[in-house]
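Hi,

Here is the structure I promised to pass on.

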Amino acid sequence: MFRGVVRFLLFPLASRARVSTTMTFLRTALCAFLCLCAAVRLGHAQEDRPATPFDREVLIAEAKRLSEREYVQPRLPAEYVRSIGLDEYRDIRFQTAASIWRGQNRNFTLDLFHPGFIYDTPVDIFLVVNGYARQVFFTNEVFEYGPAAKDVAPPAQLGYSGFRVRHPINDPNTLDGFLTFQGASYFRAVGSGQVYGLSARGLAIRTARPEGEEFPVFTDFWVERPPEHASEIKIHALLQSDSLTGAYTFTVKPGPETVMDVEVALFPRVDVAAFGVAPLTSMFLYDGTNRTRFDDVRRAVHDSDGLRMVNGNGEHIWRPLANPRTLQVSAFLGNNPRGFGLMQRKRDFEDYGDSEARFELRPSAWVEPVGDWGAGHVELVEIPSERDIHDNIVAYWQPAEPLRANQRADFAYRLRWGGESLEDAPVARVIETRTGKAGQSNNRIFTVDFASPEPVPEGLALDVSSSAGTVTNARGELVEPTGTYRVSFELEPGDADIAELRLVVKEDDRPWSETWLYRWSR
């Protein structure tokens with residue numbers, strides 16, 4: 001999957017230090033002036049640009065109209081895409097002096113992303129002011145082309161590849177990037193004090209299916225100009241693919257936890273049986289469950305370490321992520337889920353020891369359905385990976401009923417980017433899973449640590465089971481140095497190649513802990 005490369009690209013190199021000479025000063029001042037002029041052209045409505053009425057109903061009508069015709073994905077000229085490699089693309093930088101709405105006290109600005117490299121689908125970006133939309137036309141005046149990109153010559157009528165939204169999320173005097181849309185239907189966000197990690201998508205179609213995955217694309221964006229001193233921003237997007245079109249509206253409120261309310265209207269051209277609503281995409285390389293497979297100085301490497309779910313009957317489930325040797329797809333059945341998400345629970349620097357990647361600062365993403373989602377399942381896809389540049393984890397809600405051709409389907413959900421608070425946990429949460437060989441036998445030892453804001457009670461009971469093999473030597477104990485509760489047991493797999501393990505700690509026959517699920521495979 002290409003998102004590993006995308007993650008890398010969204011952290012451009014720091015600007016090169018310049019020699020403080022008069023010529024350099026003049027050149028810098030001229031560049032800032034030109035960018036300021038470009039910003040004025042980009043950020044303010046102009047009479048010579050056509051304006052059209054716009055609101056969500058207009059977007060929905062356009063999505064429906066386009067679903068009635070064949071989709072032809074726009075592409076940049078192939079020779080232009082081939083001319084921009086990784087080095088060239090990293091050396092093209094948007095000038096922050098040209099940010100849309102810069103200096104207007106709106107608390108939000110937009111940076112634009114250059115097309116090229118793996119971003120071969122141009123997108124149209126519109127600004128919406130007082131119910132009218134005007135397009136932001138491409139200009140290379142807002143980019144700095146470094147030495148590696150000095151020969152890049154954008155063709156005429158080029159589109160952007162996406163954009164970044166800034167807000168004073170960490171410091172009231174600094175506009176930090178907290179949200180990006182770039183590549184297919186991918187987007188990602190952070191809360192205060194965090195760095196980019198996992199991504200979300202508009203829709204997943206045929207993920208991990210033998211016939212091949214279809215990647216819908218956000219082809220058009222409409223960004224509503226926020227009022228002065230705004231605390232939220234509204235973004236609309238048109239999604240297109242061979243199978244369907246979609247109208248998306250994101251109402252985004254950044255902060256310690258960045259909250260996105262998402263409204264979706266889908267218009268299928270054909271029946272679509274395998275699709276995922278609110279898909280999340282992340283990276284998991286290793287932790288204490290598979291550490292011995294990697295010769296690496298870091299203690300763990302992942303953007304997310306578990307899939308958390310709360311199903312319709314209120315059961316809290318934790319499924320540690322895995323980097324299997326073969327493709328694995330898991331389905332967790334349910335009705336009207338209360339929420340699911342890919343979480344990053346380990347929050348100490350020493351959990352990873354990576355001073356550059358700072359995995360402990362990567363956000364978790366939590367999906368809360370709005371309305372009745374009915375029957376279906378949370379699907380988890382785990383793809384083998386040997387490097388941390390690849391996103392190899394996907395999770396989404398798969399409804400039981402397929403999308404039907406020419407029948408509109410609506411979904412709404414809230415997407416939270418941030419962390420988890422142990423203090424408001426209704427049950428004890430899993431904070432660590434480890435496994436290893438049991439002596440000279442072929443058995444496996446598992447230890448699962450739980451943390452609770454309340455003292456660990458006495459008389460806890462263990463409910464441990466496996467779909468294959470035999471579970472033995474199960475016991476629980478309070479770990480005095482940490483105040484956590486540890487459960488350990490052995491699995492005798494026998495001839496089985498895969499075993500589905502389940503563990504829940506109970507107090508007075510009621511769940512005291514999350515339900516821990518784990519797929520062991522050889």
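A term to start with: buried means under 20% relative accessible area, exposed means over 50%, and partly exposed is in between (1.4 Å probe, protein chains only). By that scale Asp296 is partly exposed, with a relative accessible area of 21%, while Arg298 counts as buried at 14%. The two form a salt bridge, with their closest N and O atoms 3.0 Å apart; the term stands for a side-chain nitrogen of Lys or Arg within 4 Å of a carboxyl oxygen of Asp or Glu.

Before the rest, please keep in mind that this is a predicted model, where local features need pLDDT of at least 70, side-chain atom pairs count only at pLDDT 80 or more, and totals for chains, interfaces and linings use all residues. Residues are numbered from 1 along each chain as its sequence is written, and side-chain values use heavy atoms, with hydrogens and water left out.

Back to the charges. The whole structure has 39 salt bridges. One of them joins Asp305 to Lys346, at 3.6 Å between the closest N and O atoms. Asp305 sits in the loop between strands E18 (301-302) and E19 (306-310), and Lys346 in the loop between E22 (339-343) and E23 (364-370), so the pair ties together parts 41 residues apart in sequence.

Glu315 and Arg502 make another salt bridge, at 3.5 Å. This one links distant parts of the chain, 187 residues apart: Glu315 is in the loop between E19 and E20 (316-320), Arg502 in E32 (498-507).

Now the sheet. Four strands form an open, antiparallel sheet in the order E27-E28-E31-E30, where pairing takes at least two DSSP bridges between two strands. E27 (429-437) and E30 (470-479) are at the edges with a single partner strand each, so one side of each has no neighbour in the sheet. E27 and E28 (444-451) pair over eight bridges, and Arg429 stands opposite Ala451 in E28.

Cheers

Notes:
Helices (H or I, at least four residues) and strands (E, at least two) are DSSP runs, numbered from the N terminus.
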